[in-house]
Amino acid sequence: MHSTLDLLRPRSWTVRVRSAVASTVVVAVCLVIAGGALLGVLYNSLENSARSAAAARGLQVAEQLESDTAAQIDDSLLATDGQIGIIQVIDGSGTVRAQSRGDGAAPVTTEQVAPAATRDLGRVSYGEDGDFWVTAQGATSPSGPVTVVVGADREPVENVVSTVAILLTVVGP
């Protein structure tokens, strides 16, 4: 009979057992790599979707500002949703002229963008509201040049990726 210590020594294993263990290790490593790649692709896809939504909303607000002042912007354009977390219209002096509900009076950024130009400001932390991927769109309103700042909320993206990572860990090998 083999002792317990012998079972822990691969040299004492038969060829069949060694092959099975090697195959299991290779499959496990491949699944871990595939799971990591899946999480990376998922995060990148959700981030790009959120950033695109922010850029599109910024363009919509800028188009309305061509004919209306910041105070006349349609409330639906200033509404936040699952992707858009913050919207502000900032004038040349850095004053917030219009904003989504619940946002503070402080501007997300003091950076001004030329009319018709778009700038990706990257990841920005704003007060206690969290982290955002921020896009700034320049516009010319009847009251002068303004910058439309739209922040895509990072939290929903990170929650989805975290949930998928946990599910892969629990269900995986």
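**Reading salt bridges and burial**

Analyst: Asp81 is partly exposed, with a relative accessible area of 44%; buried means under 20%, exposed over 50% and partly exposed in between (1.4 Å probe, protein chains only). This is a predicted model, in which local features need pLDDT of at least 70, side-chain atom pairs count only at pLDDT 80 or more, and totals for chains, interfaces and linings use all residues. Residues are numbered from 1 along each chain as its sequence is written, and side-chain values use heavy atoms, with hydrogens and water left out.

User: With which residue does Asp81 form a salt bridge?

Analyst: Side chains of opposite charge can pair when their charged atoms come close. The criterion is a side-chain nitrogen of Lys or Arg within 4 Å of a carboxyl oxygen of Asp or Glu. Here the partner of Asp81 is Arg57, with the closest N and O atoms 3.3 Å apart. The pair links distant parts of the chain, 24 residues apart: Arg57 belongs to helix H2 (residues 15-65), and Asp81 to the loop between H2 and strand S1 (84-91). Helices (H or I, at least four residues) and strands (E, at least two) are DSSP runs, numbered from the N terminus.

User: Is Arg57 buried or exposed?

Analyst: Arg57 is buried, at a relative accessible area of 12%.

User: How many salt bridges are there by this rule?

Analyst: The count is seven. Among them, Arg123 and Asp131 meet at 2.6 Å, N to O; Arg123 is exposed at 52%, whereas Asp131 is partly exposed at 21%.
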